[in-house]
Amino acid sequence: MRKLINTICFVVPFLSIQSLSAQVSQNEFNKAPLKQNVYVQLPIGSIKAKGWLLKQLEQQRDGATGIAEALYSDDNDLGKGTDWLGGKGSGWERVPYYVKGLVALAYTLDDAALKAKAQKYIDWTLNNQQANGLFGPPKMKDWWPRMPMMYALQSYYEATSDKRVIPFLTKYFKYELANLDADPLKEWGKSRAGDNMEIAIWLYNKTGDQYLLKLVEKLKDQAYPWIDIYTNNQFYFYGDDFQPKHMVNVAQALKFPVVYAQLKDTQINRDALMKGINHIMHDHGQPEGLGSGTEFLAGTSSIEGVETCTVLEWMQSLETAAKVIHDVNIGDQLEKVAFNALPAQFDREFKNHSYYTLPNQVISVHGEHGFNQDYSTGIVSSPYSGYGCCRYNMHMGWPYFVKSSVVATPDKGLAMITYGPMEIETLVADQKKIKITEETNYPFEEQIQLKLSLSGSASFPLILRIPTWSVKPTVKLNGSVLKDVKAGEMLKIDRVWKDQDQLELNFPMEICTQKQVNNSVSIERGPIVYALEIKAEAKKTKTHSVAGFTDYEILPQSAWNYGLSLGKGNLSTSIKVIKSAMPENPFVAANAPIKLKVQAKKIPSWGLNYNKVSAFDVPFSPVASTEKEEEITLVPYGSENIRLSCFPTIGQPKNRSASLIENFENGMANDWVFYGGGWFWKDGSVNSASNAGSGGFGINGSKYIANGTDFKNFTYQADVKINTAGDAGLMFRVSNPAIGPDAYQGYYVGLNSTSGEIQIGKASDQKWMVIKSAKYPVEMNKSYQLKIVANGNKFDVYIDGAKQAILNAIDSQYQSGSIGLRAYKALATFDSVKINTL
């Protein structure tokens, strides 16, 4: 952290600022023995959104958040008969999810109607605690749903100072500590214990009760070992237990190591967050800044999805982490997710959401995708898209972003973690009132003005995040340029501040590309990712009883299958930035304040996949095209509900066609992509994952493809070990892979441990055809060296170095293509991949 000190003192007239409720005096910082120098959030309501950011909150109020009780009126949802209001329904996590976001929105907007909606749930919860300390519906035997309700109570207390809250939580946590041994954490509670731990630490800083630290330790011990999981990329190490690979859990538990680091401040605890993110982004990363998950971690393919709950929980984890670990990258990543992934999950009025969104989602229709957890409505814009969790959890996204943007520091100052148009009223120094007006159209513009109003001169530090992506950032204080401002640093300005001081932040944004799946690129400018502007037709498929709420399928009405002609020069010369007036809502593509213009060519061979519910994965770049060049328009990622954000590049193809050796020595291979199911690295090998509990058809023929290869005649071998009943083996001359058992064109030779045979066949028109088979005593948990010699239409299959082929076959349908690995209804391990051309 860079520190600038200015000791000039000022005397100014007193400025009256409206009395602040529930002020910083409530923000007790970490008490011993907890880690020191940890920031804390300001009381909710201290930060008011302005401009485009306020518009997002108002749309929530007028849209799905404000109307949720009418939309989801069943007693098992938010109906009057919910058990969270003493009824006979079974609201489980749904009511707490909703109230968590509702309270945050109500007090951020200072909206009386929303507060009244929230109050009945708060009052019932506080007034109906059992004598032993347990709260919530008496018949609900689950620790997990109480965790989001505790976040709602935390926000409510910070806004109101209601004296019931602290004794209520104290009593509950004593009950929890006394009963966790007999009724330990399980399933969702075991996955999401970091939420419980965070509130327990918050309460400890209020009361100093030592038993709370014992509770945190017990919760940590009963939870999944997230610190090890993130550090060592162990998400898929738990077999049939899906919890550690469930992407919402993974996103939600990202906070777990940094929460626990406050109690045990070790390097491994501090580092686990970023190690986990790095593993996730390498193996499953998506251009909008987080990992895929449908619902399990799903790889890097451009046609895999991100769940709305994942976006929300990833954001909250980063919001928590930024207070403990003062790393610029955390704020950078938080903004990227908030400004891209978050708005992309919703329609333009916050009435509908999509359970999953895809980086290359060029059509939004009903249908099966083959995802690990598949829903026919999963990518449809609807108040009821996909499974029910997201429609209740989605309400916290923007309010939590606002309330976490600026935090209090232990040295009586403030730190700005993220930026946007807002107004902050709080206390600094020795209880001095301050108002900071943040005037900006960021992240669409580069300039941010901070105007300070103070009731008197005050000495305190103000810490500014200088984004890592910024090119030659500058900060001016009252018109004077500060020296040594560098991108990627937390800039600390420690001085005596006076009324009417002003800071001018300028974060120049350059256009850059980021490598994505299949050597494609995404286009970024500052924290915004840009996607192709696609003309779309919204087709109503269902009208709901609540006025104004309708399901839509979204169909493209313009071409989308473009590759970018970027040339070899500077991107600033090949991509033009078009600026226009700032609209009320910048996340509407037609009115986007920033658009990009770039040359591109259509790729006629790239179209919708076999079942016509999504595109084929982006082709491996560079891609040849003889089409004429056109100028296309790119708009912010979050401004559309159909999009193309992983772009192939136009050029001479450079697929690997001579030889390849892949021993998986250091992890998952670069430029390999999996389709359906899951794949993971362990002990120097790559493995197909267990998918117990999954419902998607893609799990039955999970493929791991080296799309950047193109082999015709060759010798191809690998070590294959089948660990369960089923078959596994090698794919070759593959093209157009997609999610589904036989969703590819090409050949496959497999060992079957169930039938005791080896067979070679092909997929064509999504049908599997056996070309030749032979009996072979395949044993489970035994490694075999499987080798294929392909020469023209002749295929010879060898096992374990035998000089004589086990199988000979002839077929001429596919002449060349990629290589890959495949498992069909089996867990399998692969190693020592080697291919050489004849």
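**Set-up.** I am working with a predicted model, where local features need pLDDT of at least 70, side-chain atom pairs count only at pLDDT 80 or more, and totals for chains, interfaces and linings use all residues. Residues are numbered from 1 along each chain as its sequence is written, and side-chain values use heavy atoms, with hydrogens and water left out.

**Domains.** I noted domain 1 (43-223), domain 2 (408-440 + 447-506) and domain 3 (659-837); the bounds come from an automatic or database domain assignment. I then looked up how domain 2 and domain 3 sit: their centres, taken over C-alpha atoms, are 57 Å apart.

**Strand β35.** Helices (H or I, at least four residues) and strands (E, at least two) are DSSP runs, numbered from the N terminus. I went to β35, residues 757-764, and found 8 of its 8 residues buried. For burial I use relative accessible area: buried is under 20%, exposed over 50%, partly exposed in between, with a 1.4 Å probe and protein chains only. Glu757, Gln759, Gly761 and Ala763 point one way from β35, while Ile758, Ile760, Lys762 and Ser764 point the other way, and all are buried.

Which strands pair with β35? Two strands pair if DSSP finds at least two bridges between them. β34 (745-752) pairs with β35 in the antiparallel sense over 7 bridges, and Tyr748 has Gly761 of β35 as its bridge partner. β36 (767-775) also runs antiparallel to β35, joined by 8 bridges; there Ala763 is partnered by Trp768.

The β34 and β35 hairpin has 4 residues between the strands, and Gly756 in the turn has a positive phi of about 65°. The β35 and β36 hairpin has 2 residues between its strands, with Asp765 at a positive phi near 55°.

**Helix α8.** How far apart are the end C-alpha atoms of α8 (193-207)? They are 21 Å apart, which agrees with the 21 Å that its 15 residues should span at 1.5 Å a residue. The expected span is 1.5 Å times one less than the number of residues. I also saw that 14 of the 15 residues in α8 are buried. Gly208 follows α8 and has a positive phi, near 75°.

Most residues other than glycine have a negative phi, and most peptide bonds are trans. I therefore listed the exceptions I came across, citing that rule.

- Tyr442 to Pro443 is a cis peptide bond, omega near 10°, and Pro443 is in the loop between β10 (432-440) and β11 (447-454).
- Ser621 to Pro622 is cis too, omega near 0°, with Pro622 in the loop between β24 (594-602) and β25 (630-636).
- Asn37 has a positive phi near 60°; the residue is partly exposed at 46% relative accessible area.
- Ser161 has a positive phi near 60°, lies in the loop between α5 (146-160) and α6 (165-179), and is partly exposed at 28%.

**Asp347.** Asp347 is in the loop between α15 (328-344) and β5 (356-357). Not counting residues up to four places away in sequence, Asp347 touches Asn352, Ser381 and Asn641, where contact means heavy atoms within 4.5 Å.
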